[in-house]
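Have a look and see what you make of them.

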Amino acid sequence: MRDVLYLEEREQAETLLKPQRIEVLRQLAEPRTCTEVAARLEQTPQRVYYHVKQLVAAGLAEQVTTRQVRGITEGIYRAVARSYWLSPRLVGRIGGARRASDELSLGYLLDLMEEVQADVAALDRTAPELPSIGVSGEIRVPAERRQEFLHDLRSTLQDLFTRYGGAEGDAFKLAVACYPKGDTDE
């Protein structure tokens with residue numbers, strides 16, 4: 001079972017984004033028959049079987065084996081991933097084109113996060129080593145020093161890109177996002 005399945009196909013998203021199917025998929029975190037899932041969800045096996053077949057057809061679940069029960073062959077199914085990420089491209093944007101050079105816009109930040117999401121989802125999680133780091137924190141910048149802060153941040157990153165931007169060694173992608181923190185006191 002994969003850790004993450006990144007969904008870029010509309011048909012997969014449409015199959016997944018039905019409350020009943022999400023519940024069925026949660027039950028398939030462990031290999032189970034439709035009868036077992038139906039009992040857990042208090043549904044009929046036929047109804048669960050219909051949803052499981054839709055999930056299998058969309059590549060979101062798989063049949064891992066079968067077993068004989070009173071002369072009937074029963075399929076045992078499992079979700080193909082622990083988590084499912086939907087590409088923001090499935091929804092798309094409304095409105096005109098955005099300038100690619102507008103690094104301070106919310107649209108640019110959304111594009112950057114989509115790119116990071118796709119890159120992380122594509123990593124080979126079976127590799128013996130995935131050298132990576134995630135850093136998150138909160139800083140406070142007075143309004144009158146905002147431009148100074150942005151200049152310092154850009155200069156620091158440019159220095160890193162210059163120092164480590166050669167053609168030799170392992171390639172790493174660095175993405176930095178800075179955005180106003182929402183009010184979480186409510």
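1. Arginine 10 and glutamate 14 sit 4 residues apart in helix H1 (residues 10-16), so about one helical turn separates them. Their side chains meet in a salt bridge, 3.0 Å from N to O. Glutamate 14 is partly exposed, at 43% relative accessible area. Keep in mind that this is a predicted model.

2. Helix H2 (residues 19-27) holds both arginine 26 and glutamate 23, 3 residues apart, or about one turn of the helix. A salt bridge links the two side chains, with an N to O distance of 2.5 Å. Is arginine 26 buried or exposed? Arginine 26 is exposed, with a relative accessible area of 53%, while glutamate 23 is partly exposed at 32%.

3. Now for a pair across the sequence. Glutamate 115 forms a salt bridge with lysine 173, and their closest N and O atoms are 1.9 Å apart. Glutamate 115 belongs to helix H5 (residues 106-121) and lysine 173 to the segment after helix H6 (146-164), so this pair ties together parts 58 residues apart in sequence. Lysine 173 counts as exposed at 53% relative accessibility, and glutamate 115 is partly exposed at 36%.

4. On the tally: with a cut-off of 4 Å between a Lys or Arg side-chain nitrogen and an Asp or Glu carboxyl oxygen, the count comes to 10 salt bridges.

Terms used:
Residues are numbered from 1 along each chain as its sequence is written. This is a predicted model: local features need pLDDT of at least 70, side-chain atom pairs count only at pLDDT 80 or more; totals for chains, interfaces and linings use all residues. Side-chain values use heavy atoms; hydrogens and water are left out. Helices (H or I, at least four residues) and strands (E, at least two) are DSSP runs, numbered from the N terminus. Buried means under 20% relative accessible area, exposed over 50%, partly exposed in between (1.4 Å probe, protein chains only).
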